[in-house]
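Dear colleague,

Please find below the structure that I am handing over to you. My findings follow directly after it, and I would be grateful if you could read them with the coordinates open.

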Amino acid sequence: MSSGTPRAEVWQSPDLVRTFLDGVRGGIPYAADQIGMMTRLVREADIEVARFLDLGCGSGTLAAALLAEHPAAQAVLVDFSEPMLDAARASFPSPPHQLILADFNDPGWVEPLQSLAPFDVVVSGYAIHHSTHEKKREIYATVYDLLAPGGIFVNVEHVNPATAWVGHVNDELFVDSIHANHERLGNSMTREQVATEYVYRPDKAANILAPVEDQCAWLREIGFVDVDCYFKVLELAVFGGRKFPIP
Ligand SMILES: C[S@@+](CC[C@H](N)C(=O)[O-])C[C@H]1O[C@@H](n2cnc3c(N)ncnc32)[C@H](O)[C@@H]1O
């Protein structure tokens, strides 16, 4: 399957999927705070969450957090990686949930979603930064179309650092955090080994990072309201907006 950004296809490799799910996901700095902000925003949007979409769902970490608060909701999970969807399958039985293999860089990617729209919530975690800036904007516009009025989009995302030094601080934070996660899991990895793996990790070349300010500006231009970067630590940002009109 082609993604338009060939380097993003590293995510279709079972090896990278295992490395991410076994050692990296649990080591993302402030991950619990980001997810806590995401669920808070959805709560405060004061909408009935009947159906939500998780774009670039991976194993479904964000979807699982939403379902914990909205157990009656139907989760629709989209990813272009078979091994990721395999990792998600057991947690999201169909019915009521739906797992869809689709590449959001492909022109017709939204077609299988049209009959499921509108969605009350759309979330995405560290996925859309693999697309070009032009595609990111297109994806955000599509998300706007898919949302119900008053629905909310929350992107938990990897964004461009303000300066190279800020990027360096971010990298060191990541290495410490992933190393601590390996220690928690009882894996014998030195900080140096983690740093080498982190710096040379295969998915790094697939990153196309955009400043969060630019991305918030795109959301406002599309028509989203209450747009903000709600939480940010170095290169990690939780941002989004609500679809106008708010009922
Ligand atoms: C870093 S992982 C994050 C997974 C999950 N959202 C999470 O928070 O744990 C990025 C995910 O985005 C998916 N992805 C990247 N580019 C994609 C594309 N063009 N279409 C669909 N999924 C994509 C990858 O397959 C991978 O599952």
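In which loop does tyrosine 30 lie? In this predicted model, tyrosine 30 is placed in the loop between helix 1 and helix 2 (31-44). Although tyrosine 30 is not a glycine, its phi is positive, about 60 degrees. It counts as partly exposed because it has 17 C-beta neighbours inside 10 Å. Aspartate 46, also not a glycine, has a positive phi near 55 degrees. This aspartate 46 is found in the loop between helix 2 and strand 1 (51-55), and with 10 C-beta neighbours inside 10 Å it counts as exposed.

Two peptide bonds also deserve mention. The bond from serine 94 to proline 95 is cis, with omega near -10 degrees; proline 95 has its place in the loop between helix 4 and strand 3 (98-101). Alanine 117 and proline 118 are likewise joined by a cis peptide bond, with omega about 5 degrees, and proline 118 belongs to the loop between helix 5 (111-114) and strand 4 (119-125). As background, most residues other than glycine have a negative phi, and most peptide bonds are trans.

Seven strands form an open sheet with mixed pairing, in the order 3-2-1-4-5-7-6. Its edge strands, strand 3 and strand 6 (225-233), each pair on one side only. On average, neighbouring strands of this sheet are turned by 15 degrees against each other, direction ignored. Strand 4 pairs with strand 5 (residues 147-158) in the parallel sense over six bridges; valine 122 has phenylalanine 153 in strand 5 as its bridge partner.

Two helices that pack on the sheet may be of interest to you. Helix 3 (residues 61-69) touches strand 1, strand 2 (74-79), strand 4 and strand 5, and its direction makes about 140 degrees with that of strand 4. Helix 6 (residues 133-146) touches strand 1, strand 4 and strand 5, and its direction makes about 145 degrees with that of strand 5.

With kind regards

How values were computed. Residues are numbered from 1 along each chain as its sequence is written. This is a predicted model: local features need pLDDT of at least 70, side-chain atom pairs count only at pLDDT 80 or more; totals for chains, interfaces and linings use all residues. Helices (H or I, at least four residues) and strands (E, at least two) are DSSP runs, numbered from the N terminus. A residue is buried if 20 or more other C-beta atoms lie within 10 Å of its own, exposed if 12 or fewer, and partly exposed in between; C-beta atoms are placed from the backbone. Two strands pair if DSSP finds at least two bridges between them. Axes are lines fitted to C-alpha atoms, for helices over the stretch in contact, and angles run from 0 to 180 degrees between N-to-C directions. Two residues are in contact if their C-beta atoms, placed from the backbone, lie within 7 Å.
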